[in-house]
Amino acid sequence: MTVHDILEWRHIPEAGTAVAVNGRLIPRSRWNSEELDEHDNITLISAAFGG
């Protein structure tokens, strides 16, 4: 499973989202190729709009 797969599975839009794996920011250009391990710590950050 890749970073991109996780985002699709959880229905998280790519726009405004940042992903870190084990404390390391993953560039969007590598989301399709970054393979995840079942023990990886995944942090998803999504921008929120409003006031």
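Start by selecting Glu34 and Arg30: their side chains meet in a salt bridge at 2.5 Å, N to O. (A salt bridge here is a side-chain nitrogen of Lys or Arg within 4 Å of a carboxyl oxygen of Asp or Glu.) Keep in mind that you're looking at a predicted model, where local features need pLDDT of at least 70, side-chain atom pairs count only at pLDDT 80 or more, and totals for chains, interfaces and linings use all residues. Residues are numbered from 1 along each chain as its sequence is written, and side-chain values use heavy atoms, with hydrogens and water left out.

Strands (E, at least two residues) are DSSP runs, numbered from the N terminus.

Is Glu34 buried or exposed? Glu34 is buried, with a relative accessible area of 11%, whereas Arg30 is partly exposed at 32% and Arg24 is partly exposed at 40%. (Buried means under 20% relative accessible area, exposed over 50%, partly exposed in between, with a 1.4 Å probe and protein chains only.)

Next, go to cartoon view. Three strands form an open, antiparallel sheet in the order E2-E1-E3; two strands pair if DSSP finds at least two bridges between them. E2 and E3 are the edge strands, each pairing on one side only.

Last stop: select E1 (residues 17-21), joined to E3 by five bridges. Pick Thr17, and you'll find its bridge partner in E3 is Ser46.

How values were computed
Helix = DSSP H or I, 4+ residues; strand = E, 2+ residues; numbered from the N terminus.
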